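Hi,

Here's the structure I promised to pass on. Have a look at it first, and then read my notes below.

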Amino acid sequence: MLFSTTTFLFVFLPVVLAIYFITPKKLKNIMLLLASLFFYAWGEPKFIFVMLLSIALNYVFGLLADKAKREGKHGKLVITLMVIGNLAVLGIFKYANFVVFNLETLFGTNFEWTAIALPLGISFYTFQGMSYVLDVYRGDGRVQKNPLNIALYISLFPQLVAGPIVRYQTVADQIESRKVDVNLFTSGVKRFVIGLAKKMFIANNCGLVADQIFQSQGGGLSVGTAWIGLIFYSLQIFFDFSGYSDMAIGLGRMFGFKFLENFNYPYIAKSVSEFWRRWHISLGTWFKDYLYIPLGGNRVSPIKVYRNLAIVWLATGIWHGASWNFLLWGAYYGLFIMLEKAFLGKALLKVPAALQHVYALIVIIFGWLLFRIDNVSDIWSYLGSMFGSGVFWDARATYYMHEYAVVLIIAIIACTPLVKNLFASEKLLSFMQSHRALHVTKDVATLAVLAFIFVYSVALVVGSTFNPFIYFRF
């Protein structure tokens, strides 16, 4: 069930909220768990058993990890079996088709393989379950003996399908006891509306342009059209994913949960390393805490540091999908991260900030080309279009720039903290506080703007036939 559908907006969400707030405190978690299972089963009921398997697996291993920690025995064995069990489930459903296809290609045979469908969100809830067990074993989080609480943690519908990846220790107390006040609920509604607008107005419009251009790349593209396609895709994937994260964070607040931020204006970064500290923060933190640091992080010899980085970025590429382009994409970013650590980072600090920003954007945009196209030969073909294999500019490029100029301008502004900083400036806040009438007017104006944004977004929901979430396939 997509957040950006009338079924969710006008049936599921209001019904769940209404039932939730009249449910006795002791039963709220059970009620929310049932709603979350229904949410997941709505789209693909058979795969709910995969998620339940993941929940059961990590609940049991959490108990075993806690026991091993207290007794000082068999801890490594428990963690090894937990990792193998989780990755086996993930591997079967996400990577088996890829492995079989490549074996068939390599040996020129046919294994009469029946393709396995990919359960939505399996990468996200698998990593959440693993982080819970690892935190228990390391003493960073307490064991949860109530299986229903673990089930709610892993299946909680706001972040179930596309994150953010929530660490158990950040919501453990909230699962056991939480309170929704007017301010928290209101901030959740505001955040959800902003995320919905990002998705419906910016991401979907950018996606329409990007899809039309990428789908016709074989027919020859002008230089301008090729660049427009890649730039619009870069904007689509950011606003699609950050919009979903905003909606997830907003929904969490409506039910009393405070999820950590997942994006921090990544396109204002001045280096690739900074970009990845700002993009998909929950995933980057996961790999840092559970893979990079256990491998030794920066505390080992220089050659091992680069080995660790290579492993992490290989894993990052694999996590995103079962395709060679994702491995190439992970290697691409790993290379730039290593170059910046070796010497490029220091060199960048010696050039003007504007040039640092241009460098980062160029690397990021070309990285999205590797992410978008799954056929390596098509990647080279698209690069050829971008660098002059056809005409420089054509009527098609003019059409896109004319029809989608407003979307492009709004998207670029929304990639920066410009508006946020403007309304948070000390001078403006001081002026508002000294003029009470203006402060009230600002609140009314904010409410009116949010209401307009919501109504307009809903109109787009009703009228749109293009409404994918890119990260649902991960």
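**What I found**

By class, twelve nonpolar, eight polar and five charged residues make up the lining of the second largest pocket. Keep in mind that this is a predicted model. Which of them gives the most? That's H13, with eight residues.

Next, the nonpolar core. The largest one has 139 residues, and Phe 8, Phe 255, Trp 279, Trp 368 and Tyr 382 have the most contacts inside it. Helix H11 (residues 223-254) supplies the largest share of this core, 16 residues. Both domain 1 (6-178) and domain 2 (184-403) put at least three residues into the core.

One more thing, this time from a record. An unreviewed UniProt entry lists "transmembrane region" for several stretches, including 47-65, 116-137, 221-239 and 444-466. I checked two of these in the model. Residues 116-137 are 73% helix and 0% strand, with the end C-alpha atoms 33 Å apart. For residues 221-239, the chain is 89% helix and 0% strand, and its end C-alpha atoms are 25 Å apart.

Cheers

Key:
Residues are numbered from 1 along each chain as its sequence is written. This is a predicted model: local features need pLDDT of at least 70, side-chain atom pairs count only at pLDDT 80 or more; totals for chains, interfaces and linings use all residues. Side-chain values use heavy atoms; hydrogens and water are left out. UniProt positions are given in the numbering used here, feature names are shortened, and annotations may be inferred rather than shown by experiment. Helices (H or I, at least four residues) and strands (E, at least two) are DSSP runs, numbered from the N terminus. Ala, Val, Leu, Ile, Met, Phe, Trp, Tyr, Cys and Pro count as nonpolar, Asp, Glu, Lys and Arg as charged, and the others, Gly among them, as polar. A nonpolar core is a set of buried Ala, Val, Leu, Ile, Met, Phe, Trp, Tyr and Cys residues joined through side-chain atoms within 4.5 Å. Buried means under 20% relative accessible area, exposed over 50%, partly exposed in between (1.4 Å probe, protein chains only). Domain bounds come from an automatic or database domain assignment.
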